[in-house]
Amino acid sequence: MSREAPPEEEVPGDEGGGGGGECQGEGGCYLALCARPVHFEKANPVNCVFFDEANKQVFAVRSGGATGVVVKGLEDKNPISFRMEDKGEVKCIKFSLGNKILAVQRTLKNVDFLNFIPDSPQLEYTQECKTKNANILGFCWTSSTEIVFITDQGIEFYQVVLPEKRSLKLLKNQSINVNWYMYCPESSVILLSTTVLGNVLQPFYFKSGTMSKLSKFEIELPAAPKSSKLILSERDIAMATIYGQLYVLYLRHHSRTSNSTGAEVVLYHLPREGSCKKTHILKLNRTGKFALNVVDNLVVVHHQDTETSVIFDIKLKGEFDGTATIHQFVLPPRSIQPYQIPVAGPASVTSQSPVLCKLYSSSWIVFQPDIIISASEGYLWNLQVKLEPVVNLLPDKGKLMDFLLQRKECKMVILSVCSQMLSEPGRGSLSVIATVFDKLNHEYKKYLEAEQSYTMVVEAGQSRSNPLLKRPVRTQAVIDQSDMYTHVLSVFTEKKEAPHKFTIAVLMEYIRSLNQFQIAVQHYLYELVIKTLVQHNLFYMLHQFLQYHVLSDSKPLACLLLSLESIYPPAHQLSLDMLKRLSTANDEIVEVLLSKHQVLAALRFIRGIGGHDSISARKFLDAAKQAEDDMLFYTIFRFFEQRNQRLRGNPSFTPGEHCEEHVTFFKEVFGEQALMKPTTF
């Protein structure tokens, strides 16, 4: 294959064996090849296969392109097919970003270009490298029109000024002895291996027509070299973005410490500014042939001899040795899930059983971050992490949550873990449940704070002056109260499997955790607590929860308490007390009291808060009449007559108050002489 995948980068091993190691023990495989791979023509003497890491495309070049070139990518629905003149062996072939310009290297001195622009003639044009006596090792497109030649004497940065003019302009070049190079398209960084031993690495960063030289750094070799020849090979180096930061990964086959015999992966953090530092060491505890991928921010290390893989998460706690954090693998070694190659051909033929793919084959080649290619079988896969099997492989629920919360597709698995944790078998202790709730609410609070900060900036009108400001992304790690209520807590209480004390303790533990992180508890969680208490006739506990404000006041909660009056009479007074404390619920309190025909109590309440001058006389008189208590009606009628006298100097009701029927009723019961006379001074 192409320069990016010399034979040394393969995962070597014997050709025998079946379809890869089994997923031993309980829990199964946590790594899998994607279900829909890219299928291309196998590599053979006539067909050469190349991979472009920037566009994630496979090129199958037959007879130097004369009998056809087929380009396929993971995202491409339609492959690109074309022919080109056979001008010799193709060493490297790649499209620019956007597939508008094709670049082909056939010699050590120049690169040929071919425009794929509609209505543009497909004429080839050539660019020689500028440095005398230099040989081109390869090239990388950094944008749709910018390309970097890497030679054994440095790098040359070009721009295709106008594709239709078929000319390139040299933007910048840098002289430096180069052994080999590596490109990370996600971060637009090219890494050059320099010096005799090859262990001094010089990174360059490319953006919008500019080339920046970053700080060079030295890879610590396992032991002092005895010879002065190239020791650091590109097959032992990878570049990848992990948790948003660029790292150089070095596969050190022998540890620098004498007491450790296994290999290790050393991570060097490569920032845009500042020096590159060794930050993490991943202990493999074995020797042999390895290959690296990065999937979902996890470092995956494949071991060819045992046909298994392990994963590392640098966000999880490790041991700090003074310079770097040492990590052990998160889960026990497992094989990639067995993969069946679909049988092609007519339906009559495809009835035969699919063939198992040879996993960890010597023809496998890995590319960053998550690509595995089998040139001999003609497949390109994405490597994927399966989270469901992880649940049974990580018994420590706290560590499991730390792991799951960092994964992209984690929500339903986390909710499933929470449900399992509350059910038999495997019910967790309250302390474990509390730990899990705290971890979930920690993430939830972080998102709420970020959202609040963003809203404040936008409302203050500062977003225009800060174009980089972006709304916080709600990841699947944000498990809010609605998620927990719908998928976990309401289901848990409905099942009624657990003892009621445990059920209530779990609900209160979740509410405690929300309060600890100063997250406003939604009323439906309190309602769930109250309903559970009522189901088990635990009214004394309900009374205590309300008395000591364990359940926060809210209008919906007060209404729920009112509805409980028939089975628990004190709930009525508890509801009124809550509404009083809310102070913004005065109208609701009056409505509640009037609906219970407690008209005098409603009037006393409204006088107590000084609102009696503005209340509707008709509403109170209606309620008094419905109570069918003549003396109550007399008292309320007289109160409003006195209010009218005080406010207007006349006890009569105005037409706008619509109290005519009540005046008539008063006369019928008590006589016209009982009406209050205007007072004159």
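The model is predicted, so I kept local features to pLDDT of at least 70 and side-chain atom pairs to pLDDT 80 or more, while totals for chains, interfaces and linings use all residues. Residues are numbered from 1 along each chain as its sequence is written, and side-chain values use heavy atoms, with hydrogens and water left out.

**Salt bridges.** I searched the whole structure and found 28 salt bridges (a side-chain nitrogen of Lys or Arg within 4 Å of a carboxyl oxygen of Asp or Glu).

- I looked up E186 and K56; their side chains form a salt bridge, N to O 3.2 Å. E186 sits in the loop between β15 (180–184) and β16 (189–194), K56 in the loop between β3 (47–52) and β4 (57–62), 130 residues apart (strands are DSSP E runs of at least two residues, helices H or I runs of at least four, numbered from the N terminus). K56 has 17% relative accessibility, so I log K56 as buried (buried is under 20% relative accessible area, exposed over 50%, partly exposed in between; 1.4 Å probe, protein chains only).
- I found K625 bridged to E661 at 3.8 Å, N to O. K625 is in helix α13 (residues 617–626) and E661 in helix α15 (residues 660–670), so the pair ties together parts 36 residues apart in sequence.
- I found E641 bridged to R638, closest N and O atoms 2.3 Å apart. Both residues are buried.

**D438.** I placed D438 in helix α4 (residues 430–459). Its side chain makes a 2.6 Å polar contact with that of S513 (N or O atoms within 3.5 Å, one able to donate a hydrogen and the other to accept it; residues adjacent in sequence count only if both atoms are side-chain atoms).
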